[in-house]
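Colleague: I am new to this structure. Please show me how to read its features one at a time.

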Amino acid sequence: MNENLWQHILTVRNQSPLVQNITNYVVMNNTANALLAIGASPIMAHAHHEMASMQKICNALVINIGTLDEYWVESMLIAATEANHNNKPWILDPVGAGATPYRDEVLNRLLELKPAAIRGNASEILALAKHNKTQTKGVDSTASSLEAIDAARYLTKEFGCLVVISGETDVIVNEGQEFKLNNGNALMTKITGMGCSATAILAAFIAVITNKTEAAVAATALISIAGELAARNSAGPGSLQMNILDKLYNITETEFLQHIKLSN
């Protein structure tokens with residue numbers, strides 16, 4: 001599969017999918033730059049009156065509830081509905097799921113619109129599946145990704161979507177297929193919005209790659225390996241953030257294939 005994964009990276013670079021992001025204030029700049037670095041095109045838009053038109057021109061949609069409010073929630077619901085009408089994949093990032101009743105209420109409404117994929121940390125995936133036994137710590141996970149595999153299986157079966165669980169081991173679950181990636185670096189957790197960038201990259205891959213499971217594995221591997229390699233030349237989270245963008249842009253086939261740690 002590894003050779004296919006590299007070809008998927010080249011496909012994104014060559015096709016430059018346009019990804020609409022209804023995402024949180026904290027990460028907009030990081031997310032846009034990550035998409036540009038891999039060869040995709042970002043657009044940040046949330047005005048109600050342009051949601052229908054936007055879904056006609058975009059290749060994929062990201063809905064990230066990190067800094068949700070009533071206006072943005074309505075934008076998310078309109079955009080997801082329009083994405084479905086236009087057969088465009090939309091990806092849900094359930095930031096802080098389980099933290100507040102309002103956040104969970106919004107997520108329940110979004111899940112009814114059947115995302116193509118969900119990407120979150122273990123606590124968020126557990127909360128979405130109502131399997132959580134521990135309290136979400138803001139946007140951080142208090143559980144390991146391996147603890148959330150059953151919850152991911154449930155979400156895949158219930159909503160027909162692919163699920164990516166982020167963590168020390170990243171887990172991809174989709175219709176009986178499961179893959180684990182053991183790349184990345186602990187310093188990545190000290191940069192805000194790394195997960196949000198990973199979700200946007202996932203959307204870019206799902207937009208242009210037919211095999212959605214391979215798209216998710218390739219997208220997740222790309223940002224994890226980029227972080228792992230970038231950490232070698234980084235003094236701390238500030239330089240790591242810059243170096244990850246550079247590595248997303250200039251990673252080579254040799255670097256990718258030599259460092260990927262993929263298992264079933």
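Colleague: Which residues does His8 touch, not counting residues up to four places away in sequence?

Modeller: First, the ground rules. This is a predicted model, where local features need pLDDT of at least 70, side-chain atom pairs count only at pLDDT 80 or more, and totals for chains, interfaces and linings use all residues. Residues are numbered from 1 along each chain as its sequence is written, and side-chain values use heavy atoms, with hydrogens and water left out. Contact means heavy atoms within 4.5 Å. By that rule, His8 touches Phe205, Ile209, Glu214 and Ala218.

Colleague: Where is His8 found?

Modeller: Helices are DSSP runs of H or I with at least four residues, strands are runs of E with at least two, and both are numbered from the N terminus. His8 is found in helix 1.

Colleague: Is His8 buried or exposed?

Modeller: Buried means under 20% relative accessible area, exposed means over 50%, and partly exposed is in between (1.4 Å probe, protein chains only). His8 has 12% relative accessibility, so it counts as buried.

Colleague: How many aromatic pairs does a search of the whole structure find?

Modeller: Rings of Phe, Tyr and Trp (its six-membered ring) pair if their centres lie within 6.5 Å. Planes under 30 degrees apart count as stacked, over 60 as edge-to-face, and the rest as tilted. The search finds two pairs. Trp6 and Phe256 form a tilted one, with 5.8 Å centre to centre and 45° between the planes.

Colleague: Which parts does the pair of Trp6 and Phe256 tie together?

Modeller: Trp6 lies in helix 1 (residues 2-15) and Phe256 in helix 11 (residues 253-259), so the pair ties together parts 250 residues apart in sequence. Trp6 is buried, at 4% relative accessible area. Phe256 is buried too, at 0%.

Modeller: Tyr25 and Trp72 also form a tilted pair, 5.0 Å centre to centre and with 50° between the planes. Tyr25 sits in the loop between strand 1 (18-22) and helix 2 (28-38), while Trp72 is in helix 4 (residues 70-85), 47 residues apart. Tyr25 counts as exposed, at 53% relative accessibility. Trp72 is buried, with a relative accessible area of 4%.

Colleague: Now helix packing. At what angle do helix 8 and helix 9 pack?

Modeller: Axes are lines fitted to C-alpha atoms, for helices over the stretch in contact, and angles run from 0 to 180 degrees between N-to-C directions. Helix 8 (residues 194-208) and helix 9 pack at about 140°, with axes 9 Å apart. Angles under 35 degrees count as roughly parallel, over 145 as roughly antiparallel, 65 to 115 as roughly perpendicular and the rest as oblique. Helix 8 is therefore oblique to helix 9.

Colleague: Which residues make the contact of helix 8 with helix 9?

Modeller: From helix 8, they include Phe205 and Ile206. From helix 9, Ala218 and Leu222 are among them. As for class, Ala, Val, Leu, Ile, Met, Phe, Trp, Tyr, Cys and Pro count as nonpolar, Asp, Glu, Lys and Arg as charged, and the others, Gly among them, as polar. This contact divides into 12 nonpolar, one polar and one charged.

Colleague: How do the axes of helix 9 and helix 10 cross, and at roughly what angle?

Modeller: Helix 9 (residues 212-231) and helix 10 (residues 237-250) have axes that come within 8 Å and cross at roughly 125°. That makes helix 9 oblique to helix 10. The classes are nine nonpolar, two polar and one charged.

Colleague: What about helix 2 and helix 10: at roughly what angle do their axes cross?

Modeller: Their axes cross at roughly 30° and come within 7 Å. Helix 2 and helix 10 are therefore roughly parallel to each other. Helix 2 brings Asn30, Asn33, Ala34, Ala37 and Ile38, and helix 10 brings Gln241, Leu245, Leu248 and Tyr249. That contact has six nonpolar, three polar and no charged residues.

Colleague: One last residue. Where does Lys180 lie?

Modeller: Lys180 lies in strand 8 (residues 177-181). Beyond its neighbours within four places in sequence, its contacts include Leu146, Asp170 and Lys261. Lys180 and Gly39 are 141 residues apart in sequence and 25 Å apart in space, C-alpha to C-alpha.
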